[in-house]
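Please look over the model below before reading the points. They are meant for someone seeing this structure for the first time.

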Amino acid sequence: MKKAKLLLWLAIAIVPISIAFFGTFLNFITDYLWFEELGYTQVYMTKLVTQLKVAIPTFLVLTILLYTYLRTIKKDYYKKVDVVNANVNEKRINQIALGASVGVSLLATLALSTNMWFDILRFINSTSFNISDPIFNQDLSFYIFKLPFLSQIYSLLIMLIIILVIMTGVFYLFLMSVRRPKLREVSEDENPYGNVFRRGIDLENGKELLRIAVRQLTVLGFLFFVILGAGYFLKQYDLLYSTRGVAYGASYTDIHVTLWVYRVMIGLSLLSAILFAIGMTAQKFKLALAGPVLMIIVSIVGNVGALAIQNLVVSPDEISKESEYLRYNMEYTRMAYGLNDISEKDFPVDTNLSSEDIDNNVQTIENIRINDYSPTTQFYNQRQGIRQYYKFNDVDIDRYMINGKYTQTFIGVREIDEAQLAQSWINQHLKYTHGYGVAMSPVNSITVTGQPELLIQNLPPRSSVEEIEITRPEIYFGERTNNYIITNTDEAEFDYPSGDNNVETFYEGSAGINLGGINRLLFSIRQRSMKMFVSSNLDSDSKILIYRNIHERIRKIAPFLQFDADPYIVTSEGKIYWIIDGYSTSANYPYAEPYMESRTNYIRNSVKVVVDAFNGETTFYLIDENDPVAATLGKIFPELLKPIAEMSDDLKVHLRYPQTLFNIQSQVYRVYHVNNTTVFYQGEDRWDIANQIYGNETVSMDSIYTIMKLPDQDQEEFILSIPYTPRSKPNMAALFVARNDGENYGELVVYKLPKQVSVYGPMQIESKIDQHTEISKEFSLWASQGSSYIRGNVLSIPIENSLIYVEPIYLQAANENSLPEVKRVIVVFGDRIAYRNTLKEALEELFGETEVPGPVTPPGEEDQTPGGQVGVTNIDELIILANEAFQRSEEAQKSGDWASYGRYLNELQNYLEQLESLTQTQ
């Protein structure tokens, strides 16, 4: 009966363990198949192989040592302690000792191999920075790759010593319970408690037990103090991350007090180990405790002394005492964020700008961003969404050659919104497998109705650009592709809508894991889908595509990198690709100020990841060959990072300096642009990111991409920029720029404006706009008619040696389906403001007649109503366009704009005639 109960409880324990093990094994096998499909098996297996290389010898050695240690305790106990019941099951005792050794070894091994495998590889494969810290003269690779691992080893050893102490005590108690020491009768004189303690341990037995315990405690205590000394040795280096002083990193007090306290504690730890061993062996317990007591006294004195030095010596003379360490903080922070090679240039602003200067910079003017992200995304979703299940997640900004001109564009990809599909298994996994096509518009061009001019539109994608033709528009891998899908089935896939019908297709790409043989069973279990296993639509040629969401996909392959949250889309050679910026980061760069609330204080955009939206091919390119962190990754995973030279030239021209990195650098640089330690300490020359009014709220400006000719350059280029103002002041202080094109990629330039001249900043421009009578009057009129105006981004555009500011104004009707339309453009130059319908008109008011092109009328519409799109052959899109035209006509009627009202009615008539023509031919 007892055996039956034991077997039952054993089965109850084994079943969940088996299920968990099977689930882990299943995920391992199916993930291996996925990594094999992508060609990254070495990356996948590196973790497992390293864990096994570390775990197996560690486990065996630790188990043997612990088991030998416990056997030694047992041997001493048997040899020196007189026991009552000597006839016990020695095999069982040894099994328990072995079990305890295995258990502790397993926990320590798991902690080492599971949590520290990557730190071990970084330690072994560390790459030199060829830069030393200013205090200990250690190469920075020690702090980035080695110190974190050594600190974890120290913590693990301390934990092992504590476990050994507990294990020793428990094992002694166990031995005393199975082989009890011989007892003796206690006399009444020895026992004042009456009958409670009538028997006691024999005196000689007690002495032997004490000797054994002391010997074990001596060994463990000696090891503990030696390890503690190693810990204080490592703590010296942690001072380089101190927050005690006026800046991050070791301060005057840290170096002149705390560092010496640590060094004394290292010596005292070793002395304590020796005194503890001698004292315990000689049973001179005061001597044994002398070292620890002395360490406590030194620690207290050191802390009090550090506090006194900081308050009485450093604080009264802080600039003098801390200047050396401030200089280290300034130098190493700039190096950590890649700000040490910034090119600083003076920008002598003047107000001598003419129409000739405008015409000489016409490409800069043509690329001024009149459209903004949010309104453009709304426009794409309403006008190019086509069906309710299509969604533009966002729009990206890039540059293309458009009919021979270098042009900045918005581009968005049309993905399937899986939440809008009927929730059947076939729909989710076999039928609606992919999104389709892109929409593209130049950032500067609007139609006469104030909407973006579409260069690529509709389904299938129709391009009016000679240089761009999309031959593979299917989006199988994207930002919204969260479901697994199965291709090459008997069920045709939905491709795109065409009138009242749907065009269908079968996947022609190479992605996917074959579901033949046992794979179908494995993935059915993994996806918890019986329908996958029994479906007659699947055959041996069917393939399953998993990890289709590009965010999940790249992080699955390389979890040790940080990735940008905003991938961008690129069309190249007829195909669609995603580009994602990968960052190597660290929180262990000496003296470098951490960014904002995080501990991260080192960052490089070392990797560009390219994902084929059709095939899912995922390639990691090393773009920063000088980054030691990325170089170390390359040693660990030699198959992961490819040289940037292997990227196609057509993709290279679309690489962008990442906005995330630039925003971090711009935040750091606003404080660390100062070179003088006294000025830095006083905070006299700190900058702020400029503010603006966006919508109707005051916000900090975002960095923006634009095409412009920089003041000291001969031709336009794609740049990323953000303006600075002096701290708590509205005037302009500098323009921070990152270059993106060709050999200049990654070059950082700051154009400093003269301090002796006040140059208007963005908020001063906003104030001038608010004070302009005509502008204020029209804003109030729009608001009284139920419409809302939206103020776009203030753009600071350097032209020659001058600055002009451009701000688009959007108008949006109260109707929830209405779209923001660019109704006015404001241009400010010096004290002059132009407020006109178009950028061309505003510029000509300020500078006279220019060659800047005006608003765009789409091809074929010169003699028709504005905004109408001749040639649209999709009934669904025509219905949407007709509804929008009707809504705009109503809005124009309410506002008393009868000219626009007439145009929109003509536009509506045009769409209705096209609808009638299409329905008659189908």
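The notes below take up helices, a surface patch, strands and salt bridges.

1. Basis. The model is predicted, with local features taken at pLDDT of at least 70, side-chain atom pairs counted only at pLDDT 80 or more, and totals for chains, interfaces and linings using all residues. Residues are numbered from 1 along each chain as its sequence is written, and side-chain values use heavy atoms, leaving out hydrogens and water.

2. Helices (H or I, at least four residues) and strands (E, at least two) are DSSP runs, numbered from the N terminus.

3. The nonpolar patch. Phe 21, Phe 22, Phe 25, Ile 518, Leu 521, Ile 525, Met 530, Phe 533 and Val 534 make a nonpolar surface patch of about 910 Å². Helix H1 (2–38), helix H13 (519–526) and helix H14 (530–534) each give two or more residues to the patch. Patch residues have over 30% relative accessible area and no salt bridge, and nonpolar side chains (Val, Leu, Ile, Met, Phe, Trp, Tyr) are joined within 5 Å. Areas come from the Shrake-Rupley method with a 1.4 Å probe. Phe 21, found in H1, counts as exposed at 58% relative accessibility. Buried means under 20% relative accessible area, exposed over 50%, and partly exposed in between.

4. A three-stranded sheet. Three strands form an open antiparallel sheet in the order S12-S16-S15. S12 (485–487) and S15 (513–514) stand at the edges with a single partner strand each, so one side of each has no neighbour in the sheet. Three bridges join S12 to S16 (residues 543–545), and Ile 485 stands opposite Leu 545. Strands pair if DSSP finds at least two bridges between them.

5. Strand S33. Eight of the nine residues of S33 (residues 821–829) are buried, so this strand is largely enclosed by the rest of the structure. Seven bridges join S33 to strand S32 (residues 802–812), antiparallel, with Leu 811 opposite Glu 821. S33 also pairs with strand S34 (residues 832–836) in the antiparallel sense, over five bridges; here Val 827 faces Ala 834. S33 and S34 form a hairpin with two residues between them, and Gly 830 in the turn has a positive phi of about 60°.

6. Salt bridges. A salt bridge is a side-chain nitrogen of Lys or Arg within 4 Å of a carboxyl oxygen of Asp or Glu; the count comes to 33. Lys 345 and Asp 712 form one of them, at 2.2 Å from N to O. This pair links parts of the chain 367 residues apart, with Lys 345 in strand S3 and Asp 712 in the loop between S26 and S27. Lys 345 is partly exposed at 23% relative accessibility, and Asp 712 is partly exposed at 35%.

7. Further pairs. Lys 575 and Asp 612 meet at 2.6 Å, N to O. Lys 575 lies in strand S19 and Asp 612 in strand S20, so the pair ties together parts 37 residues apart in sequence. Asp 612 is buried at 3%. Glu 821 and Lys 823 meet in a salt bridge at 3.2 Å, N to O; Glu 821 is buried at 6%, whereas Lys 823 is partly exposed at 22%.

Definitions and conventions: Patches are made of residues with over 30% relative accessible area and no salt bridge: like charges are joined within 9 Å, nonpolar side chains (Val, Leu, Ile, Met, Phe, Trp, Tyr) within 5 Å. Buried means under 20% relative accessible area, exposed over 50%, partly exposed in between (1.4 Å probe, protein chains only).
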